[in-house]
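Subject: Model handover

Hello,

Here is the structure we discussed. My notes on it follow.

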Amino acid sequence: MTDVQRSLVLVKPDGVRRGLSGEVLRRIEAKGYTLAAVELRTATPEILAEHYAEHEGKPFYAPLVEFMLSGPVLAVVIEGERCVEGFRSLAGATDPTVAAPGTIRGDLGRDWGAAVQQNLVHGSDSPESAAREIGIWFSDLT
Ligand code: RTP
Ligand code: MG
């Protein structure tokens with residue numbers, strides 16, 4: 001049975017600053033997913049309040065928003081069979097120090113001693129989240 005999905009991927013400000021946007025896109029394309037939209041964007045507090053609504057009130061929320069406003073992000077919509085789960089697998093565990101080698105976070109990320117985990121990428125965690133997040137970042141695509 002086919003289950004073609006879309007997922008929202010963000011190369012976070014640390015990834016853009018370190019010049020890793022191309023490397024992330026390369027891994028997505030090498031896996032066989034299609035790029036449906038790619039745009040360099042500067043987040044706003046309004047966009048982030050929607051995007052991270054589930055984390056509001058958590059201790060890392062304020063530093064997370066500050067970090068996400070620290071520079072441009074590359075907003076990407078990817079498409080492919082089970083790509084939501086597939087990109088989470090490519091990204092690796094949230095904590096880049098322990099993310100498995102072979103993953104984006106495991107190969108390219110590390111802990112920098114900052115108030116929040118700077119882990120290079122975001123990927124939607126379910127098809128429902130993906131639809132919601134694509135609507136936030138690319139209202140013209142929905
Ligand atoms: P993402 O949403 O970015 O794809 O990552 P995720 O699902 O693996 O992580 P999530 O739990 O949704 O957390 C969102 C982002 O918040 C930062 N974070 N820092 N304890 C911490 O310092 C901490 N916990 C979460 C990370 O940037 C994480 O990706
Ligand atoms: Mg998440």
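**Contacts and findings**

Leaving out neighbours within four places in sequence, His-122 is in contact with Val-9, Leu-10 and Lys-12 (contact meaning that the C-beta atoms, placed from the backbone, lie within 7 Å). This is a predicted model, in which local features need pLDDT of at least 70, side-chain atom pairs count only at pLDDT 80 or more, and totals for chains, interfaces and linings use all residues. Residues are numbered from 1 along each chain as its sequence is written, while chains are lettered from A and ligands numbered from 1 in the order in which they are written. The chain has a mean pLDDT of 97, with 99% of its residues at 70 or more (pLDDT is the predictor's confidence in each residue, from 0 to 100). The scores are ipTM 0.93 and pTM 0.97.

His-122 sits in strand β4, residues 121-123. Helices (H or I, at least four residues) and strands (E, at least two) are DSSP runs, numbered from the N terminus. His-122 counts as buried because it has 22 C-beta neighbours inside 10 Å. The cut-offs are 20 or more other C-beta atoms within 10 Å for buried, 12 or fewer for exposed, and partly exposed in between, with C-beta atoms placed from the backbone. The unreviewed UniProt entry annotates His-122 as "active site". UniProt positions are given in the numbering used here, feature names are shortened, and annotations may be inferred rather than shown by experiment.

- Lys-12 lies in the loop between β1 and α1 (13-17) and is buried, with 24 other C-beta atoms within 10 Å. Beyond four places in sequence, Lys-12 touches Met-68, Val-73, Leu-120, Val-121 and His-122.
- Arg-105 is in helix α6 and is buried, with 24 other C-beta atoms within 10 Å. Its contacts, with residues up to four places away left aside, are Ala-91, Gly-92, Ala-93, Pro-96, Ala-99, Asn-119 and Leu-120.

Around ligand 1 are Phe-60, Leu-64, Thr-94, Val-116, Gln-117, Asn-119, His-122, Gly-123 and Asp-125 (each with its C-beta atom, placed from the backbone, within 6 Å of the ligand). This shell has 3 nonpolar, 5 polar and 1 charged residues. Ala, Val, Leu, Ile, Met, Phe, Trp, Tyr, Cys and Pro count as nonpolar, Asp, Glu, Lys and Arg as charged, and the others, Gly among them, as polar.

The largest nonpolar core has 29 residues, of which Val-9, Leu-10, Val-11, Ile-78 and Val-121 touch the most other members. Two or more residues each come from β1 (4-11), α2 (21-31), β3 (73-81), α5 (83-91), α6 (104-108) and α7 (127-137), and the largest share, 6 residues, is from β3. A nonpolar core here is a set of buried Ala, Val, Leu, Ile, Met, Phe, Trp, Tyr and Cys residues joined through C-beta atoms within 7 Å.

Two backbone angles are listed for checking. Leu-120, in the loop between α6 and β4, has phi near 70°, a positive value in a residue other than glycine, and is buried, with 28 C-beta neighbours inside 10 Å. Arg-82, in the loop between β3 and α5, has phi near 50°, also positive in a residue other than glycine, and is partly exposed, with 15 other C-beta atoms within 10 Å.

Regards

Definitions and conventions. Two residues are in contact if their C-beta atoms, placed from the backbone, lie within 7 Å.
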